[in-house]
Amino acid sequence: MAVIEYRDALNQAFAEEIERDPNVFLIGEEVAEYDGAYKVTRGLWQKYGDKRLVDAPISEAGFIGMAVGASMLGLRPVIELMFWSFCTVAYDQIINNAGCVRYMSGGLINCPIVIRGPANGGTNVGATHSHTPENWLANIPGLKVVSAATAYDAKGLMKTAIRDNDPVMFMENTLLYGEKGEVPEEEYVIPLGKADIKRAGSDITFIGHGRAALTALKAAEQLADEKGIQAEVIDLRSIRPLDEEAILASVAKTHRVVLVDENKPFCGVSAQIAALIQEKAFDELDAPIRRVCTLDAPAIYSPAVEKLQLPTVERVLEKALSIL
Amino acid sequence: MIDTTAETEISPVDYAKASINASLTNEEKIRFLRQLYAIRNFEHIALKHYNEGKMGGFLHLYIGQESVAVGACSLMGENDHVITAYRDHGHALAVGMGMNECMAELFGKATGCSKGKGGSMHFFAPDKNYWGGHGIVAGQTPLGLGLAYAVKYKGLKGSCMTFLGDGAVNQGVFYESLNIASLWNLPVIYIIENNRYSMGTSLERSSAFKNCLAERADGFGIVWDIANGEDLYEVRAKLSTAINRAHNESRPTVLEVDTYRHYGHSVADAKHKGGYRSNDEIEKYKSCHDPVLLWRRRLVEEGVISEADADVINKETRLEASASVKFAEESPAPAIESIYDDVYYEVDRQTEAGRTGRHFFND
């Protein structure tokens, strides 16, 4: 199997879907001639030209709204936000138009768009560029929210997201774009709404999405090495729809849960998962659910401190040991 | 601006002679009169029942502006699309939506055009190239851009007439849309229905401009024009030029149409009479600038219709509106279970994607 970077796995997904469906086009700031701010779309403009790779002016509300309108007539735009943080200037278009138009039209319209880009802290660019808006968006019935942790997942989930007939908000991560992973040569897709057990274990369950799932995985390896404790690691991959069965099955197996989440704790994704577990698996729990989230303040610039603001392996281990 | 101190005279330019109007048959002209009366009577009847507490939410009446939607929508070809804001009943009826489905939507019934899920501000009929019905001021302006983008992407000769009010011109996303429209040569037509008040704030108190609002398009290199909205011939003539520009040059247009609403911003607008606008002003528009009466008078003068036949059309559309109330009242409310329908396409269709994972989170 080829070992490629996360960014190139996404790039393959775009190329394959552009070739598969003439209605698919990529639009965003610097996605075409510049090759993408993070080189995710490199080479695609040279190969597929102006119609399929569209450089947009810095007008997120304008071009996202435009893409929503175009999707109502059957086009399938894949829209890049250079940072997901910039969704704030296009929020009306995302929430009210992409998120509500199907409902308010009584199902006459659907909106097959993907909005994608990095949604992470940890790169020392300050609070306004470091938001993790997956919880904001997952709060809107009508939107779907996906988060990819590995190259394999990024490609398989992106292909599915592009083919999905509802608006899919796709969370990537600048810290992961250069991470390599195995990606099959043959075509594959990953369904939305299916979690992935990144590591099987029987003593405790770690649940996360995106880079937090990888942090949990590192903590699980260390826990096994140092303590002989086997943690199961569940990567949600899709937040809405959510793989509730996978979560509950793991809780029923291990009876202990630590939620790892790069969201802020208040109303974060992990808060929803915790509510779900206590509602549906209260009797399975042998200990309180613990959470490791991004520390509850705006993202700090200071490089030395910001890495500690995000969930760390140490904090995951500390919480895990507190309930074992 | 329209000079409201004088009664309307025949315009110096007689737009009846424009080729798009000169070719109209008497039947078509009478059909426009029927549409004008249909909108007028639909809304008068809706207002009556709104005041009886039969409906929820807002009711933004289009009465006084009917000639704009009727004139514009009369020009739609196969690939010409329409999208508007929340004052959307007129456009809906003008594209051919039925009174029953529209009235039932106001009543919040399952038989409504949006199954009772949208309400007054959210009428849709994609099969008639009508894309709403949008509640957030100027939120529809990039959607119209996108419809035009899709028309062009598919290699079709078409356009999207994107309506907005004079209040919407001060939203940023409208300018993002104008920039993209011009930059990418998109066949979008922005029609500013300038009824002179954004809710209770007059044009002069809300907008900085030299001569008119449409002139702002100059900054984007977009051709603009103004039209007297009370003259259906002029609306058609000016928009016909814009549509030809969209079809043949794939270039946008901004058209500002002077018009006036006889009622408040919404029915709940208590200060519209003698508050932010004078009773004299309202009465002047009603008596001298009513587009329905002006079109009727024009057709009578042209010998196209008799006063008696015009009265019949008025009466027939009033009866149709009354019948739509009966239809709405007798229709069922949506079932509570239907609240989860029409959220996700994949769930509605029960596709494999729609059956994978949990989509709703109540208990």
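Predicted model: local features only at pLDDT ≥ 70, side-chain atom pairs only at ≥ 80, totals over all residues.
Two strands are taken as paired if DSSP finds at least two bridges between them.

**Stop 1: strands β2 and β3 of chain B**

Select residues 159–165 of chain B, strand β2, together with residues 188–194, strand β3. These strands run parallel and are joined by six bridges. To see one position in detail, display B:M161, whose bridge partner in β3(B) is B:I189.

Now keep β3(B) alone. Seven of its seven residues are buried, and both of its faces are covered. One side carries B:V188, B:Y190, B:I192 and B:N194; the other carries B:I189, B:I191 and B:E193.

**Stop 2: helices α6 and α7 of chain B**

Next, select residues 141–153 (α6) and 172–183 (α7) of chain B. The two helices pack at an angle of about 20 degrees, and their axes are 8 Å apart. Because angles under 35 degrees count as roughly parallel, α6(B) is described as roughly parallel to α7(B). The crossing of α6(B) past α7(B) is left-handed.

Show the side chains where the helices meet. From α6(B), select B:T141, B:P142 and B:L145; from α7(B), select B:V173, B:F174, B:E176, B:S177, B:I180 and B:A181. By class, this contact comprises six nonpolar residues, two polar and one charged.

**Stop 3: the five-stranded sheet of chain A**

Move to chain A and display the open sheet, whose strand order is β9-β11-β10-β13-β14 with mixed pairing. Strands β9 (196–199) and β14 (290–293) stand at the edges; each has a single partner strand, so one side of each lacks a neighbour in the sheet. On average, neighbouring strands are turned by 25 degrees against each other, direction ignored.

Within this sheet, select β10 (residues 204–208) and β11 (residues 231–235), which pair in the parallel sense over five bridges. A:G208 stands opposite A:D235 in β11(A).

**Stop 4: where chain A touches chain B**

Finally, display both chains. Here 43 residues of chain A are in contact with 40 residues of chain B. On the chain A side, the elements giving two or more residues are α3 (60–72), α4 (91–98), α5 (101–104) and β12 (238–240). Select α3(A) to see the largest share of that side, ten residues. Coloured by class, the chain A side shows 19 nonpolar, 16 polar and eight charged residues.

Terms used:
Residues numbered from 1 in each chain as written. Chains lettered and ligands numbered in written order. Contact = placed C-beta atoms within 7 Å. Helix = DSSP H or I, 4+ residues; strand = E, 2+ residues; numbered from the N terminus. Nonpolar A, V, L, I, M, F, W, Y, C, P; charged D, E, K, R; others polar. Axes fitted to C-alpha atoms, helices over the stretch in contact; angles between N-to-C directions. Parallel < 35°, antiparallel > 145°, perpendicular 65-115°, else oblique. Left-handed = near helix turned anticlockwise from the far one by under 90°. Buried ≥ 20, exposed ≤ 12 C-beta atoms within 10 Å, placed from the backbone.
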